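Please find below a colleague's note on the structure shown here. It is arranged as numbered points, to be read alongside the sequence and the coordinates.

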There are 2 protein chains.
Amino acid sequence: MIQIALLGFGVVGSGTAEVLTENRALIEKRFGEAFNIRYILDLREFPDHPLGGRVVHSIDPILADPEIRVVAEMMGGSHPAYEFTKAALEAGKSVVTSNKEVVAHYGAELLATAREHGVSYLFEASVGGGIPIIRPLRDDLAPNEILSVSGILNGTTNYILTKMKKEGTDFSLALKEAQSLGYAETDPTADIEGLDAARKIVILAALAFGVLISPSEISVQGITGITAEQTAAADALGCAVKLIGHTERVGGRVLALVAPHLVPASSPIHHVEGVFNGILVNADMLGKTFFYGAGAGKLPTASAVVSDILNAAAGNVRLPEWTPAAPDRIADPADRVCRRAFLFKGCARCAEATKTYFGYENFLLRDGAFLFISRPMSGREADAAVAACGKELCWALPVLD
Amino acid sequence: MIQIALLGFGVVGSGTAEVLTENRALIEKRFGEAFNIRYILDLREFPDHPLGGRVVHSIDPILADPEIRVVAEMMGGSHPAYEFTKAALEAGKSVVTSNKEVVAHYGAELLATAREHGVSYLFEASVGGGIPIIRPLRDDLAPNEILSVSGILNGTTNYILTKMKKEGTDFSLALKEAQSLGYAETDPTADIEGLDAARKIVILAALAFGVLISPSEISVQGITGITAEQTAAADALGCAVKLIGHTERVGGRVLALVAPHLVPASSPIHHVEGVFNGILVNADMLGKTFFYGAGAGKLPTASAVVSDILNAAAGNVRLPEWTPAAPDRIADPADRVCRRAFLFKGCARCAEATKTYFGYENFLLRDGAFLFISRPMSGREADAAVAACGKELCWALPVLD
């Protein structure tokens, strides 16, 4: 019998208990041993829950119990989740977590602590909800150099953008509907400003390149500026506007960013609709591989937590080594080379005259403006071309190829 | 230094050597130890290859060498691949393979042999080429009851069907082009008749349900009967014709089959084009998760082989237990309940009169025929409805929802 403790009994915590209870028989059969939730740490009491008797209000009995092998941290927020995680690892217990904030800020240190104490620190549930992405990227793609990782990492914003595309609604209306359906919080800032996706892309960047960048040090742009007109223009180009977390190496440094992109229909990311998440990994041997599924939700996220509990209990996980990013390891987003979509005010003659600056063949005319996708160019080159062409720019967005 | 042996130095075998050589430094860093190819078993000599000196023509020195920890079998065909695998496992060596034939026919026995001798038998590369699907299904989805697995498991047929859809060409023309591009073999039978996909779906069914069915015992239908007219009719219904391997539980038994399906645009499988593979897993806690990528090819497949080599060398893999399927564990395909597309000869009045038999709301008229998607019904019910409605059936295909 493997004894475990849950830290936090909110949505994911209670979901984890539910998965372990509902599928107890098959988990025991597949793993070869049973799991028992001995403690649940929460500030609240749960007198009506079958596991209500396991609730404790202090981490101490969990740290002091030598039989506790795995601690599942699902408290959310950086503190005291970080301190509890650190203490559990130092007490020789493996920790698994759904807490992207802690992983994004303290992952490098906590992985080192885990290695030092011969235990695991696993965080499959911190990115993409239940979608297996962390472990496939770490283990299945281990023979590969990762070239880039790009994805829809936030279901709330993807729901809003899907609604805008399908119904031609404006951002604020789509946000209201997302809120009324419970897909967006009353204060939706972390989602719509891209902060949630920023935490996830720095975790994926660290897995890909071994360098953990603070979410506050990367370029983050949300979707509040996206208009129904932009969505329609993207559609006319055969693209969808998607909020993309993206990471790649640029000139030996690591680039990570969150920004709205135009995604062509040829990309599997284009077809990710509603609250789903989808992550595309480009690797030197494997080429492009795509992972898609429920990016949030009680049971999907809990499934990932339980999968990590099983792995931590089995032991022998090869933990990655992450280095906190020094400033000279972080790439300037202006150096990123990609195709870019532009909409300028002007007529067909203006569009013809502008071709040479941006290297495009085709353009579309829309309401006194022209619209095109450029050749691959850096942000710096793009800025220079905008200035040189002398036309009035309405908007520009990178294209994800 | 971990000593390994490669059995077979064809496309995948030489690709495996290439991955291990090209990415030697990063593999060693991630794994913490170096890998050395000590033997390559092949009937041929490779005097010009840098590893030509490692070639042997008998399995014996490999079995006799106590330092060989992992054997990678990439010979293809059942024999002597099965015998060599069995002997290597019995000699206490882990075996990894890309050989779907051996896994589909002998997987249950070889997994038992591996367990008995405390070693691993891994086969990530046997399904979906380089796409991580075997291990995610076995490990990341371990807390879930699997409800179904459905996918495009053969790139050749998907290339042909994509071409038929996009260009309106007929099957034979699309096949010829696939052959001229090297996507289809001179004798394309195993691909176009669905036999290759059959081997893969029985492996996925065994992972999902623990029961290994022989590929010869499942219902297999290829794409030779698909016409340009059918492809166009599917398109009119917002669907694509795809060759699908599908497995689910039906009445306590395991159903596995390969057949052309109509796939609606709402499914991620719809958007898998060309030689790519895509596999959708539906699980009780996680919901639907989708895995997409290169389903074949030298380096993608080799990437999966090398990933298995790393896992086998690390040890501590929880191998699944498979039971060879007794006849009473195998479901009758006629019991499968799903929506179905039908095209009958007849006019709008006939279509109205037929609604009640198939429970549809909408239909399309095409060249003296009517076309619709039915309510979910079993094959048995569908046959009865076709007989009862008294109209002339042109074709019927299951719909993958």
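1. The model is a predicted one. In chain A, the domain assignment gives three entries: domain 1 (2-132 + 311-323), domain 2 (134-293) and domain 3 (336-398). Taken over C-alpha atoms, the centres of domain 1 of chain A and domain 3 of chain A are separated by 50 Å.

2. The parallel sheet. Chain A holds an open sheet of six strands with parallel pairing, in the order β3-β2-β1-β4-β5-β6. Its edges are β3 (55-56) and β6 (121-122) of chain A, each of which pairs on one side only. Within the sheet, strand β1 (residues 2-7) of chain A and strand β4 (residues 68-73) of chain A are joined in the parallel sense by five bridges.

3. A one-faced helix. Which residues of α11 (residues 228-236) of chain B are buried? They are Q230(B), T231(B), A233(B) and A234(B). Seen down the axis of α11(B), the buried residues fall within an arc of 165°, so they line one face of the helix. In general, an α-helix has 3.6 residues a turn, so residues three or four places apart point the same way. Just after α11(B), G238(B) adopts a positive phi of about 75°.

4. Symmetry of the copies. Chain A superposes on chain B through a rotation of 180° with 0.0 Å of shift along the axis, at an RMSD of 0.0 Å. The two copies are therefore related as by a two-fold rotation axis. In chain A, the C-alpha nearest that axis belongs to F291(A), at 2.5 Å from it.

5. Composition of the interface. The contact draws 40 residues from chain A and 40 residues from chain B. On the side of chain A that touches chain B, α2 (24-31), α6 (134-140), β13 (287-294) and α12 (298-314) of chain A each supply at least two residues. By class, this side of chain A has 22 nonpolar, eleven polar and seven charged residues. Because 100% of the interface residues of chain A are also interface residues in chain B, the copies meet through the same surface.

6. How do β13(A) and strand β13 (residues 287-294) of chain B run, parallel or antiparallel? They run antiparallel and are joined by three bridges. Y292(A) has F290(B) in β13(B) as its bridge partner.

How values were computed. Residues numbered from 1 in each chain as written. Chains lettered and ligands numbered in written order. Predicted model: local features only at pLDDT ≥ 70, side-chain atom pairs only at ≥ 80, totals over all residues. Domains from an automatic or database assignment. Buried ≥ 20, exposed ≤ 12 C-beta atoms within 10 Å, placed from the backbone. Helix = DSSP H or I, 4+ residues; strand = E, 2+ residues; numbered from the N terminus. Arc of directions from axis to C-beta. Least-squares fit on C-alpha atoms with pLDDT ≥ 70 in both. Contact = placed C-beta atoms within 7 Å. Nonpolar A, V, L, I, M, F, W, Y, C, P; charged D, E, K, R; others polar. Pairing = 2+ DSSP bridges.
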